[in-house]
Amino acid sequence: MFAVIKTGGKQYKVAQDDVITVEKLAAKAGSEFVFDNVLMIGEGEKVDMGEPSLAGAQVVGEVVEQTRADKVVTVKKRQRNTYRRKLGHRQHQTVVRITDILAKGGKKVAAAKAAPKKAEAPKAEAKKEAPKAAPKAAAPKAAPAAAKADDLTKLTGVGKVAAGKLVDAGFTSFAQLAALTDAQFAELDTNVFKGRVPFDQIVAESKDLA
């Protein structure tokens, strides 16, 4: 008995114990595979083909191994150009040994397990009203303005530059200068006055203007 089956877009004439190489099948080596696309079955002079005589006919085989065909090399070239391409390909194949030919079927094709459906995402809930923004905290009251600095340029020998240096040194009022110590004056004389303003003079003027 022989049969003609179709798989992978090709037709194969097979008999029991034949070993054929077909396009890759989704089966592991050692497992049984059922071909249910049978086009013809013949035994002696009797040949059956087409519907309804082949309804339910099957060819059963055992997967021997999963392999790959010899490499096929393709070369692409364009004239009068530097275009060159060399490609190689090895087709995946399955080696099958035919174990039985069933004119009336009987074997159940192992249906591929359907992938479990993903759980449907819960429907989005209606958007909740956005919480009202917290009332803005009252801006802190501005600190009272610092006491206005005295115009130190009224002192004899103190110009705008010297006055600015006095402020940088922390002296902003006549009262501070009126209470100068010898050590403080010595430092100011080195950095600000440069010997232009005597100690007694600046203390006396500051007391008068304070």
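1. Helices (H or I, at least four residues) and strands (E, at least two) are DSSP runs, numbered from the N terminus. On that basis the chain has four helices and ten strands. Along the sequence the pattern reads β-β-β-β-β-β-β-β-β-β-α-α-α-α.

2. A word on the basis. This is a predicted model, where local features need pLDDT of at least 70, side-chain atom pairs count only at pLDDT 80 or more, and totals for chains, interfaces and linings use all residues. Residues are numbered from 1 along each chain as its sequence is written, and side-chain values use heavy atoms, with hydrogens and water left out.

3. Now the sheet. Two strands pair if DSSP finds at least two bridges between them. Four strands make an open sheet, ordered 3-10-7-4, with antiparallel pairing. Strand 3 (19–23) and strand 4 (32–35) each have a single partner strand and stand at the edges, so one side of each lacks a neighbour in the sheet. From one strand to the next, the twist averages 45 degrees (axes are lines fitted to C-alpha atoms, and angles run from 0 to 180 degrees between N-to-C directions).

4. Strand 4 pairs with strand 7 (residues 58–68) over four bridges, in the antiparallel sense. Phe35 stands opposite Val59 in strand 7.

5. Burial next. Of the 210 residues in the chain, 24% are buried (under 20% relative accessible area, with a 1.4 Å probe and protein chains only). The accessible surface (Shrake-Rupley method, 1.4 Å probe) comes to about 16000 Å², and carbon and sulfur atoms hold 53% of that surface.

6. Last, contacts (heavy atoms within 4.5 Å). Among those in the chain with a separation of 6 or more, 59% link residues 24 or more positions apart.

Conventions
Buried < 20%, exposed > 50% of the residue type's maximum accessible area, 1.4 Å probe, protein only.
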